[in-house]
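Please look over the model shown below before reading the points that follow. They are meant for a colleague who has not seen this structure before.

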Amino acid sequence: MDQEQRARQDTWQRELYQLLVENTKDYAILIADPAGDVIAWGGGATEVLGFAEEEILGKSLELIYTPEDVRAGVLADEMRTALARGRAVNERWQLRKNGSRVWCSGLMTPLRDEANNLRGFAKVVRDRTEGHLADLALRESEQRLRVALDAARMGTWLWNIAEDRETLDASLKRLMGAAPDSEVRTLEDFIQLIHPDDQTAVRGAFQAALRKGTELTVEFRVLGPDRSVRWLRDQGTILRDARGSPVAMTGACVDITERKLLEEALQLRAAQLAEADRQKDEFLAMLGHELRNPLAPVRSLLEVMRQKPGDAERLERAYAIIERQVEHLVRLVDDLLDVSRITRGMIQLHKEKAELAAIVGQAVETVRPLVEARDLELMISLPMKPVHLEVDATRMTQVITNLLHNAVKYTEPGGRIWVMGERTGDGLEVRIRDTGQGIPPDLLPKLFDLFTQGDRALDRSQGGLGLGLTLVRRLVEMHGGAVRAVSDGPGKGSEFIVRLPAEALAAGAGGAETPFAALPQARPGPASPRRILVVEDNPDVAESLVMLLQALGHEVAMARSGPEALEAAPAFLPDVVLLDIGLPGMDGYEVARQLRRHPELERALLVALSGYGQDEDRRRSRAAGFDHHLVKPVSRAVLQPLIASGQRRLAQNVS
């Protein structure tokens with residue numbers, strides 16, 4: 001071959017190689033020098049590995065290897081293997097330009113010149129990601145199938161009808177509690193392995209399937225070696241000869257114990273939901289009854305007051321009745337809101353140092369009018385040394401108050417109620433005992449459940465929504481404690497025991513060793529006259545509040561909006577401002593902030609009035625400059641002490 005022919009052949013080979021490289025899109029064809037730097041990049045290299053030719057030429061081939069392979073020196077190993085064996089074949093993850101990985105099969109061969117000098121390495125890489133992932137998925141699926149088959153508790157059987165010969169596999173013998181070496185020769189032998197109460201039904205199912213020529217489907221119980229009961233579902237089919245005559249039956253038994261347990265659980269849950277729905281309906285009916293009851297005397301007495309406005313004795317009795325009924329309505333609404341907030345997790349405890357005697361004293365003072373009205377004897381016994389607690393004092397007072405209300409409600413006139421507190425080895429125990437109606441044994445386990453009450457006559461003379469004890473349990477549990485009820489039965493009284501853990505006790509300063517030092521002994525007397533500005537947009541609410549304050553001897557001015565209040569306050573110079581939050585236009589928060597900017601009003605007591613009393617509402621009131629936050633409707637018993645306190649204390653906290 002002359003030189004011209006050799007040149008043409010070389011040119012032709014280079015063109016063929018170039019065509020091969022340019023038309024091979026499924027393979028990455030690349031060449032590296034002996035040091036591993038890329039000197040040629042072609043074929044489908046860009047499609048497979050993402051690098052354009054100009055981005056990788058002259059750079060190390062390690063760019064397409066994963067970090068862990070680079071650390072392991074895989075490229076150097078491949079080149080050594082290719083030199084030693086003439087080729088290096090592998091499958092591994094390669095790294096694309098964007099950092100993603102592609103599973104590739106690769107072949108590396110050494111390149112030598114005519115003098116057998118090493119000139120570099122050629123590497124061909126093919127993307128096998130899709131097939132690799134499919135193989136992984138298939139292996140995973142097969143593994144899952146093996147696990148499922150191993151876990152499936154099932155077995156098969158064959159019954160030769162003509163010879164009455166039964167054959168069970170080992171799995172079915174285990175399922176039915178038979179020993180592995182036991183002989184089950186006949187259908188009756190098979191049936192004898194079934195729970196005695198189900199044998200007749202299974203025998204009848206086999207006979208019916210043969211008689212009617214239908215499939216066999218039957219469920220039955222078996223007893224395991226440990227006498228545990230398991231459920232099996234048996235499904236079988238008839239095998240016939242060429243003439244259509246039945247010759248055998250074959251089938252499989254599957255363990256359905258878990259399904260049966262689930263069905264039982266679902267049935268129980270359905271019954272519980274039905275009971276809860278019934279209790280809800282009863283509660284709604286009860287709620288309607290309880291809300292109408294206090295409204296009826298209020299409406300009637302308003303007519304009486306309108307007809308006989310000059311009868312002082314009759315009016316005084318009417319006022320007392322209306323006050324009691326309004327307090328009852330307020331308590332119903334408060335209980336409803338508290339239960340709703342607690343069940344939704346919207347109540348957070350604000351723990352502080354408090355004395356047990358103060359908490360009990362405040363609760364006793366709350367129920368004192370009811371105790372006196374029913375002529376009950378209330379006895380209190382607390383430790384001689386003050387008991388310091390780290391609790392939410394407001395909520396713990398609510399707990400004791402609810403339990404006392406419960407005791408008063410179910411104790412006949414002339415009865416006794418005891419409140420006892422004592423330190424225990426692991427915390428604190430407060431007991432509220434009464435000589436009242438007692439609790440039936442069947443009611444004790446669910447006494448603290450929502451909407452639970454004992455049986456009542458249609459007159460519902462005791463009243464209530466069945467929420468108080470639920471609130472008690474939730475609030476005590478939020479403090480890490482527990483509450484339980486004890487009773488010897490109807491007519492024998494009851495006792496409620498609140499236990500708080502040691503964590504609820506706080507180290508406190510010593511004090512006078514008297515159990516009643518913190519108990520209120522007398523009601524506060526009438527407040528000295530104050531100048532009071534009432535800011536309220538609701539005419540009825542504003543007028544009634546003004547009338548109450550004037551009746552108590554105070555000088556009162558009224559404003560119906562924020563701007564009106566800001567105009568009136570500097571001229572009137574009130575000692576106390578009762579300010580509604582929900583004013584139209586300028587709300588009460590903004591009014592409070594602007595009032596605080598007046599130096600002459602700096603010591604005025606600002607009291608927020610609102611229908612909202614959650615923690616966030618109180619926080620906003622404090623930030624706006626209020627001294628107290630009261631939730632409507634506000635009773636005279638709450639309002640009088642605040643007014644009596646006079647001008648604000650600059651460090652006053654929002655109540």
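1. A nonpolar core is here a set of buried Ala, Val, Leu, Ile, Met, Phe, Trp, Tyr and Cys residues joined through side-chain atoms within 4.5 Å, where buried means under 20% relative accessible area with a 1.4 Å probe, protein chains only. The model is predicted, so local features need pLDDT of at least 70 and side-chain atom pairs count only at pLDDT 80 or more, while totals for chains, interfaces and linings use all residues. Residues are numbered from 1 along each chain as its sequence is written, and side-chain values use heavy atoms, with hydrogens and water left out.

2. The largest nonpolar core has 42 residues, and those with the most contacts inside it are Val 399, Leu 404 and Ile 432. Elements that give two or more residues to this core include H12, H13, H14 and strand S17 (494-501). Leaving aside residues up to four places away in sequence, Val 399 touches Val 472, Leu 475, Val 476 and Val 498, a contact being heavy atoms within 4.5 Å.

3. Apart from that core lies another, of 24 residues, with Trp 157, Phe 190, Ala 205 and Met 249 among them.

4. For the protein as a whole, buried residues make up 39% of the 655 residues. Among contacts between residues at least 6 apart in sequence, 59% join residues at least 24 apart.

Note on methods: Buried means under 20% relative accessible area, exposed over 50%, partly exposed in between (1.4 Å probe, protein chains only). Helices (H or I, at least four residues) and strands (E, at least two) are DSSP runs, numbered from the N terminus.
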